[in-house]
Amino acid sequence: TKLLQLNEVHKQYGQDTKALTNVNFTVNSGEFVSIIGPSGAGKSTLLRCINRMIDSSSGDIVFDGQNVNRLKKSELKQLRTRIGMIFQHYNLVERLSVIENVLHGRLGYKSTFAGILGLYSEQEKRQAYAILQMLGLEKQIYKRCDQLSGGQKQRVGIARALIQDPKLLLCDEPIASLDPNASQTIMEHLRSICSSMGITVLVNLHQVDVALKYSDRIIGVNKGEIVYDGLPAGVGPEE
Ligand code: ADP
Ligand code: ADP
């Protein structure tokens, strides 16, 4: 079934930077889709329009039956629980522990940090432990995030998104700051989150080989336009 549909989406920054031009595609529930293309192609802009971190200039973005562009500010918080976001630079609160970062994702970003663990029920904490265990972070639960490796930090980022029980994960260059081993671990986790949990994954990658290896489908973007949409096997060497 259809989970996400983009119709004639355009995004322009300022007077003359056309970041997205007439973008059209549909993503079905359970798909693992990689968006590939050179730096500046518009990949990051595309993901940020989908969860309304930024507004597209025109066109429709329909997620789970709702037109994202028409949501009010008060409805955006709810949208972002159903669309998890993973960032290249993790966006963790470094001085807090792993478990606090994960539960913080649940509480929302306006909350105070003081005594955060006391704000949660045992059931919420158990859910956080289970997700962290699944991601191989059981030994890091009470460590501060500034003591973790990059690969561990990214797994905390994934856990923070998963605890919201999202339908869609948007991952913006999730492995661009990681070494090959950590990159492989992250991609395997994303792949299994898609296959076992049924969560749809849309991931920006500049490493074409990685995209081809893990994806059901590839969307190629260049200069704000979609230049390829199909199976990994159809991606030519020029992409
Ligand atoms: P990618 O993620 O593929 O590297 P981006 O979406 O970051 O591409 O950028 C697409 C284009 O939009 C680039 O030309 C970039 O310089 C421009 N751009 C991105 N963000 C902004 C912004 N906040 N203001 C102005 N231009 C931007
Ligand atoms: P990435 O390499 O992850 O795409 P960038 O270094 O291109 O990130 O962009 C970092 C930040 O700067 C982003 O928030 C982006 O929106 C903004 N940005 C990118 N290009 C421009 C631009 N030409 N003018 C203004 N802001 C920009």
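**Reading a sheet and a pocket**

User: What is the strand order of the open sheet of six strands?

Analyst: Strands of a sheet pair through backbone hydrogen bonds, either parallel or antiparallel. In this predicted model, the open sheet of six strands has the order 6-7-8-3-9-10, with mixed pairing; strands here are DSSP runs (E, at least two residues; helices are H or I, at least four), numbered from the N terminus, and two strands pair if DSSP finds at least two bridges between them. Residues are numbered from 1 along each chain as its sequence is written, and local features need pLDDT of at least 70.

User: Which are the edge strands?

Analyst: Strand 6 (83-86) and strand 10 (225-230) are the edge strands, each pairing on one side only. Strand 6 pairs with strand 7 (residues 168-172) in the parallel sense over four bridges, and I86 stands opposite C171 in strand 7.

User: Which helix lies across strand 6 and strand 7?

Analyst: Helix 5 (residues 150-162) does, running at about 170° to strand 6, where contact means heavy atoms within 4.5 Å, and angles run from 0 to 180 degrees between N-to-C directions of axes, which are lines fitted to C-alpha atoms, for helices over the stretch in contact.

User: How many residues line the second largest pocket?

Analyst: A pocket is an open set of points on a 1 Å grid over the protein atoms alone, where a 1.4 Å probe fits, with protein on both sides within 12 Å along at least five of seven lines, and lining residues have an atom within 4 Å of a point. Here 18 residues line the second largest pocket, and S39, G40, A41, G42 and K43 lie nearest its centre.

Technical notes
Chains are lettered from A and ligands numbered from 1 in the order in which they are written. This is a predicted model: local features need pLDDT of at least 70, side-chain atom pairs count only at pLDDT 80 or more; totals for chains, interfaces and linings use all residues. Side-chain values use heavy atoms; hydrogens and water are left out.
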